[in-house]
Amino acid sequence: MSGNDRSFYDNANAARLGFAPQDNSEIYAAEIVKREPPPKNPRTEIFQGGLFVTGEGDPKRKPPKPRPKKR
């Protein structure tokens, strides 16, 4: 994982293994934020996974129909 300022995961322990990130995408952040529309669902910004986090577990979504058991 790169040494990105906005990284979702904490990579601090990687240095103990000798890993030293060389890249940081922060130099592109202002351009990308300016060009991207704001998220329609704030949960996509809070949780890792983007739009996929709104699928299962969405309280407004009806539960899936049970699948018939295979014999």
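Tutor: In this predicted model, Gly3 counts as partly exposed because its relative accessibility is 30%, a value that falls between the limits of under 20% for buried and over 50% for exposed. Gly3 belongs to the segment before helix H1, which spans residues 26–35. Once residues up to four places away in sequence are set aside, Gly3 touches Pro21, Asp23 and Asn24, and the C-alpha atom of Gly3 is separated by 8.2 Å from that of Ser25, a residue 22 positions apart from Gly3 along the chain.

Turning to the aromatic residues, a search of the whole structure finds 1 aromatic pair. The pair is formed by Phe8 and Tyr9, whose ring centres are 5.1 Å apart and whose planes meet at 80°, so the arrangement is edge-to-face, the cut-off for that class being over 60 degrees. Phe8, with a relative accessibility of 46%, counts as partly exposed, and Tyr9, at 48%, likewise counts as partly exposed.

As for open space, the largest pocket holds about 420 Å³. Its lining consists of 13 residues, and those that lie nearest the centre of the pocket are Pro39, Thr44, Glu45, Phe47 and Gly50. Sorted by class, the lining of this largest pocket comprises 6 nonpolar, 4 polar and 3 charged residues.

How values were computed: Residues numbered from 1 in each chain as written. Predicted model: local features only at pLDDT ≥ 70, side-chain atom pairs only at ≥ 80, totals over all residues. Heavy atoms only, no water. 1 Å grid on protein atoms, 1.4 Å probe; cavity = no way out; pocket = protein on both sides within 12 Å on 5 of 7 lines; lining within 4 Å. Points joined across faces, edges and corners; volume = space filled by probe spheres on them. Nonpolar A, V, L, I, M, F, W, Y, C, P; charged D, E, K, R; others polar. Phe/Tyr/Trp six-rings, centres within 6.5 Å; stacked < 30°, edge-to-face > 60°. Buried < 20%, exposed > 50% of the residue type's maximum accessible area, 1.4 Å probe, protein only. Helix = DSSP H or I, 4+ residues; strand = E, 2+ residues; numbered from the N terminus. Contact = heavy atoms within 4.5 Å.
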